[in-house]
Amino acid sequence: MDKAVSGFSKLSKEEKIEWISNRYFSEPGEAISLLKNYWNADEKLQKLHDDFIENTITNFYLPLGIAPNFLINGKTYTVPMAIEESSVVAAASKAAKFWAERGGFKATVLNTEKIGQVHFIFKGTTTKVGKLFTENKKLFFEEKENNTKNMQKRGGGILDIVLNDKTDLLPNYYQLHATFETKDSMGANFINSCLEQFAKTLKRLAQENTDFNEEEKALQVVMSILSNYVPNCIVRAEVSCKVEELADKKTNPQEFAEKFVRAVQIAEVEPYRAVTHNKGIMNGIDAVVLATGNDFRAVEAGIHAYASKSGKYTSLSHAKIENGIFSFWMEIPLALGTVGGLTSLHPLVKFALEMLEKPSAKELMQIVAVAGLAQNFAALRSLTTTGIQEGHMKMHLGNIINQFEATDEERVLIVNHFEHNAVSHAAVVDYIESLRKVKV
Ligand code: MEV
């Protein structure tokens, strides 16, 4: 059957599902009912989800878990996390409890500046385009005024616009580099619409400039778009305690602290390790970002760029022992919103924000950064002591049990057995088979 298609988006949802099922599945009926099983019985709710994107055929579930006991700047938060990886919520909860018993996390927003750029080609001298910009800089702000009024009322707006000469990188390449304050919104729409207006103003000014020749008048705007790299929108998260307070049942605190610091130093100097180290941080960050309806791709891209800002990819977090005090901290860029976007549309996002007691964007930056640091602490704690597989496989056990559709009775036996035995996929399969053999 032909798999090329035109006008797919014009088909109804039912027709789309039929089209796919008939072409890609040996049992189309089964594929259709699988998709429909994930439809929400509440038609209004389903329609809301259908309309988020184009060509929606069903919903794709991720678990929404809860990590309680996050003590941040003296306030206790119950943190929502949307993630599929078995051990993440358990690890976050464990780290949160551990630090709540040692004074909790401290988090500080250092700055909140967002960035956008108009990239353009000008085939004239830098002096000419510079003159055009400086003589008309005010106009860029004025011509945007109507659209910025609301943002200004909330205390935000355009902070500055500068002209950057990038001709050493690419012939005739210049940019308007604008900075913004967007308060509680992530600001993507606001920034992009400001930039598109700047682009129009810029083109018009070039066309009308009587000192410009024809080539100069034809100034070409290549694109106008916000940057997801926000190195001046930084939040710091940290924990510290006396080394001896790190003691628990199993660990010698001095040995643990030293090994932990060493593990962080390895991530600071070794990019292969740094990527995995930072991935552990992103386990916490993405899960909260997603649950609160923020753009995790933007956050990921910005944070990894920040991790390479020295020219070499390195650890986002740092640790030290000084005068008997263990400190562990991280500074990361986070452009988040608690208004606009999905925040008032997706019912579970609304739920998550309400559970966080309707935080401002700044407060959410603090919570998200702390979730990342907690996750990093939990991962390094496991890695430098028991190894991660013990905890990870214990959590994964449930997935293997589900895969084999174990009965309730089998489930109890399996869980009991693996309380005292190492979990591996093969070991669980062997055990399930041995249970089933006995029955036969
Ligand atoms: C797994 O999702 C994350 C870790 O690999 C992070 C780390 O190695 O630090 C455990």
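## Helix packing: α9 and α13

Helix α9 (residues 253-269) packs against helix α13 (residues 361-383) at an angle of about 115°, and the axes lie 10 Å apart. Axes are lines fitted to C-alpha atoms over the stretch in contact, with angles from 0 to 180 degrees between N-to-C directions. α9 and α13 are therefore roughly perpendicular (65 to 115 degrees). The crossing of α9 past α13 is right-handed, that is, the near helix is turned clockwise from the far one by less than a right angle. Helices are DSSP runs of H or I with at least four residues, strands are E runs of at least two, and both are numbered from the N terminus.

Phe-256, Phe-260, Ala-263 and Val-264 of α9 touch Phe-377, Leu-380 and Arg-381 of α13 (heavy atoms within 4.5 Å). This contact between α9 and α13 counts six nonpolar residues, no polar and one charged. Ala, Val, Leu, Ile, Met, Phe, Trp, Tyr, Cys and Pro are classed as nonpolar, Asp, Glu, Lys and Arg as charged, and the others, Gly among them, as polar.

## Basis of the model

The model is predicted: local features need pLDDT of at least 70, side-chain atom pairs need 80 or more, and totals for chains, interfaces and linings use all residues. Numbering starts from 1 along each chain as its sequence is written, and side-chain values use heavy atoms, leaving out hydrogens and water.

## Pockets

The largest pocket holds about 1,400 Å³ of space. A pocket is an open set of points on a 1 Å grid over the protein atoms alone, with protein on both sides within 12 Å along at least five of seven lines; lining residues have an atom within 4 Å of a point. The lining has 40 residues, with Phe-52, Leu-290, Leu-342, His-346 and Val-349 nearest the centre of the largest pocket. In that lining, 22 residues are nonpolar, 16 polar and two charged.

The second largest pocket holds about 1,100 Å³. Its 36 lining residues include Lys-94, Ala-378, Ser-382, Thr-386 and Gly-391, which lie nearest its centre. α13 gives the most to this lining, with eight residues. The second largest pocket's lining splits into eleven nonpolar, 14 polar and eleven charged residues.

## Cavity

The structure holds one cavity of 30 Å³ or more. In a cavity, a 1.4 Å probe fits but cannot get out. The largest cavity has a volume of about 70 Å³. α11 gives the most to its lining, with four residues. The lining of the largest cavity has nine nonpolar residues, three polar and no charged.

Conventions
Parallel < 35°, antiparallel > 145°, perpendicular 65-115°, else oblique. Points joined across faces, edges and corners; volume = space filled by probe spheres on them.
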